[in-house]
Amino acid sequence: MTGTTGAPDPTGHDPDRIKCVVWDLDGTLWDEIAVETLTDELPVPRPEMLAAIDALAARGVLSSLASRSAPAVLDRMDAVPGLRERFLAPQVSWQDKSESLRRIAKDLGIAVEALVLVDDSPYERAEVEALLPGVRTLDPGEVPALLAAFEDREVTPESRERVRRYRTEETRRAEGERFRGTREEFLGWCEMRLTIGPAVADEVPRALELAARTHRLNSSGLTPDRLRALAAADGHELYTARMSDRFGEYGIIGAALVDRTAPGSWSVPLLALSCRVAGRGAAAAFLFWLMERARECGAERFRVPLRPTDANLEMRILLRQAGLRRTEADGDTAADGAILARALHSGDGGGDLPKPPAWLHVSTRKDADA
């Protein structure tokens, strides 16, 4: 499938913001009310809803459940082949839908604003809209329009693998809860590896996707079209980062655009990482690798244009921890943000460059391929 990430969508949905669709059960996924059935058999799911869930999964969109029903309903779903496995971090209880959505977002490690709720009840949709105004809600009859919004979107290999990788993440989380030791010891036990290098042609679509879909760990919000144009310009390089551990491959989790057109300086117009690796040191390791690489190439100064948003506080803290500070020297200004910079050599006041976390092994791609 081909398409242009970030292009306006006539359906009114923004596919770049939607990471998970949360489905109600009674009256939405199926017609009947599960707790009112006379046997333990569940109502038959609507074929069109299952087809929609599968179509979204093929485009990298997760599905979860939020149903105000007896928790035993979720256990009964395990007995239906191929049903329960479609849903990640499901919430089936008598709690408010807004609370269920908060828990789903927390368990998946994504912003609650990245969720869409499909629910036949106007009351439930209104409750979510009132308490979680960033969440879009839909009646089941609006699902075709949601699917249409993804029709012309480019599907990367990471998109196709996203649901499986989030299932692997559930395994990681469960192992972490059972692990007897500190968080750092668990991360070390995971044998995490980060490989970084210049992007090859088939990695560019994933870099564009990261630019469009990441918010927590995104320095500038550079649009995919602008990123594509800059990456092709003279004096610019696009780098990608892949990650793996004992549980499997994360795939491409980071992208950075480097501008080397200014003498003696590396500027990074975009640093973007998947929220799936938040809290594991990958963002810091990627940034520190870029700084070390810049110094090895003879750069004396390292700059990052930053556009502060409500979502990217984590990125802002990381840049400050790496020693980057706001500057307006030598024309360092940005129309909708700031320029953060630091010297790369101790003799210029830069001090020692920070090192990646001890639990994370970092290598360049040429080393990894050797």
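In this predicted model, strand S1 (residues 20-23) is joined by 4 bridges to strand S4 (residues 115-118), and the two run parallel. Within this pairing, tryptophan 23 stands opposite valine 118 of S4. S1 is also joined by 4 bridges to strand S2 (residues 62-68), again in a parallel arrangement, and here valine 21 stands opposite serine 63 of S2.

In a regular strand the side chains alternate between the two faces of the sheet. In S1, Cys20 and Val22 point one way, while Val21 and Trp23 point the other way, and all of these residues are buried.

Turning to the aromatic residues, a search of the whole structure finds 6 aromatic pairs. One of them brings together tyrosine 239 and tryptophan 289, whose ring centres are 5.6 Å apart and whose planes meet at 65°; because edge-to-face pairs are those with planes over 60 degrees apart, this pair is classed as edge-to-face. Since tyrosine 239 belongs to strand S7 (residues 236-245) and tryptophan 289 to helix H10 (residues 282-296), the pair ties together parts that are 50 residues apart in sequence. Both tyrosine 239 and tryptophan 289 are buried.

Elsewhere, a single aromatic cluster is formed by Phe179, Phe186, Trp189 and Phe247. The ring of tryptophan 189, a member of that cluster, also has the charged end of arginine 246 sitting over it, 4.0 Å from the ring centre. A further contact of a charged residue with a ring involves arginine 172, which lies over the face of tyrosine 250 at 3.9 Å from the ring centre.

Notes:
Residues are numbered from 1 along each chain as its sequence is written. This is a predicted model: local features need pLDDT of at least 70, side-chain atom pairs count only at pLDDT 80 or more; totals for chains, interfaces and linings use all residues. Side-chain values use heavy atoms; hydrogens and water are left out. Rings of Phe, Tyr and Trp (its six-membered ring) pair if their centres lie within 6.5 Å; planes under 30 degrees apart count as stacked, over 60 as edge-to-face and the rest as tilted. Buried means under 20% relative accessible area, exposed over 50%, partly exposed in between (1.4 Å probe, protein chains only). A charge sits over a ring if NZ of Lys or CZ of Arg is within 6 Å of the ring centre and within 35 degrees of the ring normal. Two strands pair if DSSP finds at least two bridges between them.
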